[in-house]
Amino acid sequence: MASTDYDVIIIGGGPGGLTAGMYAARARLNVVLFEKAAPGGQVIVTDWVENYPGFPEGITGYDLGEKMVTQAKNLGLTIESEEITAMTLSKDEKTIHLGSGRTVTAHTVIIASGASPRKLDVGEAKFMGKGVSFCATCDAPFFRDKVLVAVGGGDTAVQEAIYLTKFATKVYLVHRRDELRATKVLQERALKNDKIEMIWDSVVTGMDGFFNVENVHVKNVKTQAQTTIKADGCFIWVGTTPNTSYVKDSVKTDEGGFVFTDTHMETSVPGVYAVGDVRTTPLKQITTAVGDGAIAAMSAEHFIENLKDVK
Ligand code: NAP
């Protein structure tokens with residue numbers, strides 16, 4: 001068995017990565033977790049979590065993420081602030097290139113780098129920080145008593161549009177179909193919220209404003225009618241794209257770039273695992289990411305045991 005810097009390298013500090021780290025640390029593996037931003041992942045910018053067991057009254061995403069980080073550290077996980085720039089993967093050794101210029105090796109790698117909000121590409125880039133946002137918990141307080149457009153029909157769009165109504169006077173929720181994708185309980189809350197007006201069968205085609213967003217242009221996909229909504233901001237939640245630029249050609253992915261795994265969370269490369277939102281999975285939840293993380297750590301442990309056996 002070749003000598004490496006680590007038994008396990010975990011890439012990404014969201015719920016999946018942190019759980020993998022807890023299990024690996026408790027298995028007394030030599031493990032490190034690299035996270036380029038604040039550990040906790042997307043959950044720390046989620047305003048409220050009510051479907052993670054153990055918190056009957058619900059919990060803020062920030063608090064839940066922070067508790068997970070503290071728990072992982074208490075169990076012995078080392079978390080380092082580093083970005084992965086590239087990897088070279090073989091069955092026997094995985095080499096990871098870090099943004100700081102360091103190169104480290106491991107027997108196993110757990111990819112837990114999550115996914116980022118998908119862009120609309122209708123000119124929103126020009127208005128980033130000037131009315132356009134992908135994060136309600138970060139930016140909603142800037143829109144007190146303002147009119148907003150929110151885009152999307154999934155859990156994120158509906159949950160975050162409801163959150164926006166704590167600040168805005170009105171939220172137009174623009175969705176490309178006449179039915180929401182979000183879970184029923186969120187749909188019910190949005191549809192009975194007086195501040196939310198649904199703009200069905202419609203897509204955002206552009207936006208304009210002198211400095212900040214002033215108008216959002218919308219097209220009805222059934223009638224082709226174009227309308228303009230006077231709004232101070234536009235929040236976009238139309239799904240996610242996986243954070244896999246550093247690993248893209250090394251492991252098999254689906255057409256959307258999400259990493260394929262088997263039931264052991266193993267990718268197409270032996271000893272390389274993927275967990276949470278970055279992998280192809282029918283359900284992207286904190287609960288499922290946490291389960292993935294536990295399975296991946298156990299699989300990594302078995303993989304390393306087998307390497308010792310064949311020595
Ligand atoms: P999602 O479930 O993929 O939904 C994306 C939404 O955006 C869909 O309604 C989709 O429309 C729409 N959309 C996609 N591309 C579009 C485009 N180019 N123009 C206009 N609309 C477009 O993504 P998500 O809401 O970000 O959720 C991601 C995952 O996290 C999901 O698995 C979700 O369940 C989970 N999540 C769960 C919770 C919770 O449990 N409370 C909260 C947040 C997220 P169509 O419906 O027509 O496809």
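A residue is called buried when its relative accessible area is under 20%, and this cut-off is applied in the legends below, which describe close-up views of a predicted model.

View 1. Ser133 lies in strand 8, which spans residues 132-133. With a relative accessible area of 3%, Ser133 falls under the 20% cut-off and is therefore buried. The side chain of Ser133 reaches the backbone nitrogen of Cys135 at 3.0 Å, and the side chain of Ser133 also makes a polar contact, at 2.5 Å, with the side chain of Asp139.

View 2. Five strands are arranged as an open sheet in the order 8-15-9-10-11, with parallel pairing. Its edges are formed by strand 8 and by strand 11 (196-199), each of which pairs on one side only.

**View 3. The surroundings of the ligand.** The ligand is surrounded by 17 residues, and the closest are Asn51, Asp155, Thr156, Arg177 and Arg181. Sorted by class, this shell consists of three nonpolar, eight polar and six charged residues. Of the 910 Å² of accessible area that the ligand has on its own, the protein covers 77%.

View 4. Strand 4 (residues 84-89) and strand 5 (residues 94-98) pair in the antiparallel sense over five bridges, and they form a hairpin with four residues between them. In this pairing, Thr88 stands opposite Thr95 of strand 5. Strand 5 is also joined by four bridges to strand 6 (residues 103-111), again in an antiparallel arrangement, and here the bridge partner of His97 is Thr103 in strand 6. Strand 5 and strand 6 likewise form a hairpin with four residues between them, and Gly101 in the turn has a positive phi of about 100 degrees. Four of the five residues of strand 5 are buried, so this strand is largely enclosed by the rest of the structure.

View 5. Three strands make up an open sheet in the order 12-13-14, and their pairing is antiparallel. Strand 12 (202-208) and strand 14 (226-230) are the edge strands, and because each has a single partner strand, one side of each is left without a neighbour in the sheet. On average, neighbouring strands of this sheet are turned by 30 degrees against each other, direction ignored. Strand 13 (residues 215-220) pairs with strand 14 in the antiparallel sense over five bridges, and Val216 stands opposite Ile229 of strand 14.

View 6. Most residues other than glycine have a negative phi. Arg28, however, has a positive phi near 60 degrees, and Met265, which is not a glycine either, has a positive phi of about 70 degrees. Arg28 is placed in the loop between helix 1 (15-26) and strand 2 (31-35), where Arg28 is exposed, with a relative accessible area of 70%. Met265 is found in the loop between strand 16 (240-242) and strand 17 (272-274), and at 4% relative accessibility Met265 counts as buried.

**View 7. Met68 in helix 2 and its separation from Gly13.** Met68 is part of helix 2, which covers residues 61-74, and at 6% relative accessibility Met68 counts as buried. Met68 and Gly13 are 55 residues apart along the chain, and their C-alpha atoms are separated by 9.6 Å.

Definitions and conventions. Residues are numbered from 1 along each chain as its sequence is written. This is a predicted model: local features need pLDDT of at least 70, side-chain atom pairs count only at pLDDT 80 or more; totals for chains, interfaces and linings use all residues. Side-chain values use heavy atoms; hydrogens and water are left out. A residue is near a molecule or strand if one of its heavy atoms lies within 4 Å of it. Accessible areas come from the Shrake-Rupley method with a 1.4 Å probe; for residues, only the protein chains shown count as cover. Ala, Val, Leu, Ile, Met, Phe, Trp, Tyr, Cys and Pro count as nonpolar, Asp, Glu, Lys and Arg as charged, and the others, Gly among them, as polar. Two strands pair if DSSP finds at least two bridges between them. Helices (H or I, at least four residues) and strands (E, at least two) are DSSP runs, numbered from the N terminus. Axes are lines fitted to C-alpha atoms, for helices over the stretch in contact, and angles run from 0 to 180 degrees between N-to-C directions. Buried means under 20% relative accessible area, exposed over 50%, partly exposed in between (1.4 Å probe, protein chains only). A polar contact is a pair of N or O atoms within 3.5 Å; within protein, one must be able to donate a hydrogen and the other to accept it, and residues adjacent in sequence count only if both atoms are side-chain atoms.
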